[in-house]
Amino acid sequence: MDNKKCLFERFGGDQQVSELIDQFYYKVLFDKLLRDKFLKADMSRVRYQQKRFFSQMMGDKNTQYTGRDLIEVHKGLNITNQQFDKFKVHLKNIAQDMEVGGADLDELLDHVEKYRESIVFNKAA
């Protein structure tokens, strides 16, 4: 692993991030626990913004997420910790299928975990 490169570069750049997000939403839309959160969403826009968000989160200096604030986007969706965990399971499985290495996978999941408080609003479930 080349620690001088950011996670985005080690991951494979735009093409790999796009593949990750496309595969991820394919899984999510067939997941009974998660799909209801996206029924009314413009999935082309969701995928586009998610790709930009992930690219920036993973260290791409040439990409800036320009979507709405995460709290604003998620506050009315009543997302639970169980749903957030399932989101991460899908992400992990897809990244593993893409042969993302252990340390890079852990770093990706750690980045995602930092946003739990901005996404989960139903703490009781």
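**Helices, salt bridges and loops of a predicted chain**

The buried residues of helix α6 are Asp104, Leu105, Leu108, Leu109, His111 and Val112. They lie on the same side of α6, because they cover an arc of only 155° around the axis. Here the arc is that of the directions from the helix axis to the C-beta atoms. Buried means under 20% relative accessible area, exposed means over 50%, and partly exposed lies in between (1.4 Å probe, protein chains only). Helices are DSSP runs (H or I, at least four residues), numbered from the N terminus.

The model is predicted: local features need pLDDT of at least 70, side-chain atom pairs count only at pLDDT 80 or more, and totals for chains, interfaces and linings use all residues. Residues are numbered from 1 along each chain as its sequence is written, and side-chain values use heavy atoms, with hydrogens and water left out. The term pLDDT stands for the predictor's confidence in each residue, from 0 to 100. The protein chain has a mean pLDDT of 93. Of its residues, 96% reach 70 or more. Confidence in the protein chain is highest in α5, at 97, and lowest in α4, at a mean of 92. Where pLDDT is low, the predicted coordinates should not be read in detail.

Helix length was checked for α6 and α2. The expected span of a helix is 1.5 Å times one less than its number of residues. For the twelve residues of α6 this gives 16 Å, and the end C-alpha atoms are 16 Å apart, which agrees. The 15 residues of α2 should span 21 Å. The end C-alpha atoms of α2 are 21 Å apart, in agreement.

Helix α2 covers residues 14-28. Its buried residues are Val17, Leu20, Ile21, Phe24, Tyr25 and Val28. Seen down the axis of α2, they fall within an arc of 120°, so they line one face of the helix. Gln15 and Tyr26 are exposed on the other side of α2.

Tyr26 also belongs to a nonpolar patch on the surface, together with Leu29 and Phe30. The three residues have about 350 Å² of accessible area together. Patches are made of residues with over 30% relative accessible area and no salt bridge; nonpolar side chains (Val, Leu, Ile, Met, Phe, Trp, Tyr) are joined within 5 Å, like charges within 9 Å. Accessible areas come from the Shrake-Rupley method with a 1.4 Å probe, and for residues only the protein chains shown count as cover. Phe30 sits in the loop between α2 and α3 (43-57). Phe30 counts as exposed because its relative accessible area is 59%.

Charged pairs were examined next. Side chains of opposite charge can pair when their charged atoms come close. A salt bridge is a side-chain nitrogen of Lys or Arg within 4 Å of a carboxyl oxygen of Asp or Glu. By this rule the count comes to nine salt bridges.

One of them joins Arg116 and Asp85 (2.5 Å, N to O). This pair links distant parts of the chain: Arg116 is in helix α7 (residues 116-119), Asp85 is in helix α5, and they are 31 residues apart. Arg116 is buried, at 13% relative accessibility. Asp85, at 37%, is partly exposed. Another salt bridge pairs Lys88 with Glu113, the closest N and O atoms being 2.5 Å apart. This pair also links distant parts of the chain, with Lys88 in helix α5 and Glu113 in helix α6, 25 residues apart. Lys88 is buried, with a relative accessible area of 18%. Glu113 is partly exposed, at 30% relative accessibility. Salt bridges that share partners join Asp85, Lys88, Glu113 and Arg116 into one network.

Glu72, in helix α4, forms a salt bridge with Arg68 (3.1 Å, N to O). Both count as partly exposed, Glu72 at 39% relative accessibility and Arg68 at 44%. Glu72 is 46 residues from Ser118 in sequence, and their C-alpha atoms are 8.7 Å apart in space.

Two loop residues complete the picture. Asn78 has a phi near 55°, a positive value in a residue other than glycine. Asn78 lies in the loop between α4 (70-74) and α5 (81-97). At 43% relative accessibility, Asn78 is partly exposed. Glu99 has a phi near 65°, again positive in a residue other than glycine. Glu99 is in the loop between α5 and α6 (102-113). Glu99 counts as exposed, because its relative accessibility is 72%.
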